[in-house]
Amino acid sequence: MPIVAPSLLAADFLKLQDICKMLNESEADWYHLDIMDGRFVPNISFGPMIVDFFRRATRKTCDVHLMILEPEKFAEAFKKAGADILTVHYEACPHLHRNIQQIKSLDMQAGVAINPHTPVTALRDVLGDIDLVCMMSVNPGFGGQSFIPHTLQKIKELRKLINERNPEIKIEVDGGVTLENAKIILEAGADVLVAGNTVFSAADPKKVIQQLKNVR
């Protein structure tokens, strides 16, 4: 079964308490929390204070995705806020290995995200050190975008590379994931489905999570 990680960026923030209750009762595995700085991506979301709120509201894994420049300045703050997984962007980290070492030293799982234009081979030299690759299947910054079809080929390439280097790494796909394309994404080699609008725009989000969880 896939890991399902609803993206809280798409949630109604006026109803967060109810949404957390719904997610806790659902088959969702992780809370996916997108952090945007208005510099690396053209949008601003939220920071450690909101992550701390979610941490206090759930025992599920808090999967924190940093779409920010200079993530090393904030890694400790997100650890204190309750992040279990901290993912940084390849494109934002000129000293990526140092960033990964920092995350690991703070006792979090380390993830690396790559944008749609970044080849999977760029990760070759860090695959021995990370726990997760977040494959962006849209250009990061805004929810509600359509899945970029070429991502499927990239997932297949990444799966082959991971199987050779570090089979324990999970492949997470983030952007444009729907009930219609979830099956082919998983067949390509993904382990984790991040879904925002697909979940939170549905009349019955809990049912959609269940359907994603049981995609065959």
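This is a predicted model: local features need pLDDT of at least 70, side-chain atom pairs count only at pLDDT 80 or more; totals for chains, interfaces and linings use all residues.
## Starting at Phe53

Phe53 has a relative accessibility of 30%, so this residue counts as partly exposed; here buried means under 20% relative accessible area, exposed over 50%, and partly exposed in between (1.4 Å probe, protein chains only).

Residues are numbered from 1 along each chain as its sequence is written, and side-chain values use heavy atoms, with hydrogens and water left out.

## Aromatic pairs

How many aromatic pairs does a search of the whole structure find? The search finds four. Rings of Phe, Tyr and Trp (its six-membered ring) pair if their centres lie within 6.5 Å; planes under 30 degrees apart count as stacked, over 60 as edge-to-face and the rest as tilted.

One of these pairs is Tyr31 with Phe54, an edge-to-face arrangement with 5.9 Å centre to centre and 70° between the planes. Tyr31 belongs to strand E2 (residues 30-36) and Phe54 to helix H2 (residues 48-57), so this pair ties together parts that are 23 residues apart in sequence. Helices (H or I, at least four residues) and strands (E, at least two) are DSSP runs, numbered from the N terminus. Tyr31 and Phe54 are both buried. Phe54 also pairs edge-to-face with Phe53, at 5.6 Å centre to centre and with 75° between the planes. Ring pairs join Phe13, Tyr31, Phe46, Phe53 and Phe54 into a cluster.

## Where H1 meets H2

Helix H1 (residues 16-25) and H2 have axes that come within 10 Å and cross at roughly 45°. Axes are lines fitted to C-alpha atoms, for helices over the stretch in contact, and angles run from 0 to 180 degrees between N-to-C directions. H1 and H2 are therefore oblique to each other: angles under 35 degrees count as roughly parallel, over 145 as roughly antiparallel, 65 to 115 as roughly perpendicular and the rest as oblique. Their crossing is right-handed, a label used if the near helix is turned clockwise from the far one by less than a right angle, with anticlockwise being left-handed.

Phe53 and Phe54 turn up again here: with Ala57 in H2, they meet Leu16, Gln17, Cys20 and Asn24 in H1. Contact means heavy atoms within 4.5 Å. The residues of this contact divide into five nonpolar, two polar and no charged; Ala, Val, Leu, Ile, Met, Phe, Trp, Tyr, Cys and Pro count as nonpolar, Asp, Glu, Lys and Arg as charged, and the others, Gly among them, as polar.

Thr58 sits in the loop between H2 and strand E3 (61-67). Leaving aside neighbours within four places in sequence, Thr58 is in contact with Asn24 and Tyr31. Is Thr58 buried or exposed? With 7% relative accessibility, Thr58 counts as buried.

## Two loops with positive phi

Glu70 is not a glycine, yet its phi is positive, near 50°. Glu70 is located in the loop between E3 and helix H3 (75-81) and counts as partly exposed at 31% relative accessibility.

Asp107, also not a glycine, has a positive phi of about 65°. This residue lies in the loop between helix H4 (96-105) and strand E5 (109-114), and Asp107 is exposed, with a relative accessible area of 64%.

## Arg165 in H5

Arg165 is placed in helix H5 (residues 151-165) and counts as partly exposed at 42% relative accessibility. Not counting residues up to four places away in sequence, Arg165 touches Arg124 and Leu127.
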